[in-house]
Amino acid sequence: MAPKKTALKEYPREELAAQPIGAWTGQAYRLVTDALRAQLAQEDLTQPHWWTLNHVAGSPGQWTRAALVERLARYDDLGTDFDTVFDDLAGRGWLHEEAGALTLTTAGEEGRLRARDRNLRVHRRMHEGVDEADFVTTIEVLRRMVVNLGGDGDLPG
């Protein structure tokens with residue numbers, strides 16, 4: 001069930017400018033990931049399952065387990081054993097491995113599309129009332145802050 005929509009309370013610009021960005025980005029992160037994880041759980045998937053499905057679908061036969069772990073580990077905040085994820089997807093008949101190369105099966109692609117649709121619902125809800133230009137500005141501001149603090153401002157692959 002979607003939370004009740006309420007109007008945003010108005011605050012003076014100076015008060016908004018003084019807000020702790022870490023508190024707001026932290027709260028946003030928790031709410032977004034919780035909503036996405038809840039949707040994925042309805043398909044008996046975790047975020048690492050989702051990441052795996054998307055990467056393999058985007059480059060069939062180009063990913064090995066080791067390369068995928070190297071790529072995905074930087075996004076993982078759950079201490080995931082990726083071999084367990086790969087084995088689970090293979091056990092479901094969703095992931096096929098031949099000569100070290102990973103591909104999705106038809107069932108894997110169907111599951112990925114179901115999970116994508118669930119995630120899109122979260123994204124639509126999250127973007128309600130947010131102008132695209134404002135969203136882009138927010139991403140650019142966050143990228144700049146990340147770079148200013150020594151992080152990587154490139155978009156995730």
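**Reading the labels in a predicted model**

Reader: Why is F135 called partly exposed?

Author: F135 has a relative accessibility of 35%. Buried means under 20% relative accessible area, exposed means over 50%, and partly exposed lies in between, with a 1.4 Å probe and protein chains only. F135 therefore counts as partly exposed. The model is predicted, so local features need pLDDT of at least 70 and side-chain atom pairs count only at pLDDT 80 or more, whereas totals for chains, interfaces and linings use all residues. Residues are numbered from 1 along each chain as its sequence is written, and side-chain values use heavy atoms, with hydrogens and water left out.

Reader: Where is F135 found, and what does F135 touch?

Author: F135 is found in helix α7, residues 132-148. Helices (H or I, at least four residues) and strands (E, at least two) are DSSP runs, numbered from the N terminus. Not counting residues up to four places away in sequence, F135 touches H127 and V130; contact means heavy atoms within 4.5 Å.

Reader: What makes T52 a buried residue?

Author: The relative accessibility of T52 is 0%, and T52 therefore counts as buried. T52 has its place in helix α3. Leaving aside neighbours within four places in sequence, T52 is in contact with L68, L72, V85, F86 and L89.

Reader: How do you know that the span of helix α2 is close to the expected one?

Author: Helix α2, residues 21-41, has 21 residues and reaches 29 Å from its first C-alpha to its last.

Reader: Which residues of α2 are buried, and what covers them?

Author: The buried residues of α2 are G26, T33, A35, L36, Q39 and L40. Their cover includes α3 (47-58) and α6 (106-127).

Reader: Why is the pair R92 and D44 called a salt bridge?

Author: The closest N and O atoms of R92 and D44 are 3.7 Å apart. This pair links distant parts of the chain, 48 residues apart: R92 is in the loop between α5 (82-91) and β1 (95-98), and D44 is in the loop between α2 and α3. A salt bridge is a side-chain nitrogen of Lys or Arg within 4 Å of a carboxyl oxygen of Asp or Glu, and the label therefore applies. R92 is partly exposed at a relative accessible area of 25%, whereas D44 is exposed at 57%.

Reader: How many salt bridges does the whole structure hold?

Author: A search of the whole structure finds twelve. In one of them, R65 pairs with E97, and their closest N and O atoms are 3.0 Å apart. That pair also links distant parts of the chain, with R65 in helix α4 (residues 65-72) and E97 in strand β1, 32 residues apart. At 18% relative accessibility R65 counts as buried, while E97, at 37%, counts as partly exposed. R65, D83, D87 and E97 are linked in a network of salt bridges.

Reader: What makes β1 and β2 paired strands?

Author: Two strands pair if DSSP finds at least two bridges between them, and β1 and β2 have four, in the antiparallel sense. The label therefore follows from the rule. H96 stands opposite T103 in β2, and the bridge partner of L95 in β2 is L104. The two strands form a hairpin with two residues between them, and A99 in the turn has a positive phi of about 55°.

Reader: What makes a group of residues a nonpolar core, and which members touch the most others here?

Author: A nonpolar core is a set of buried Ala, Val, Leu, Ile, Met, Phe, Trp, Tyr and Cys residues joined through side-chain atoms within 4.5 Å. Of the 18 residues in the largest one, L45, L53, V56, L68, L89 and L95 touch the most other members. At least two residues of this core come from each of α3, α4, α5 and β2 (101-104). Leaving aside neighbours within four places in sequence, L45 is in contact with L40, L53, L89, R92, W94 and A115.

How values were computed
Expected span 1.5 Å × (residues − 1).
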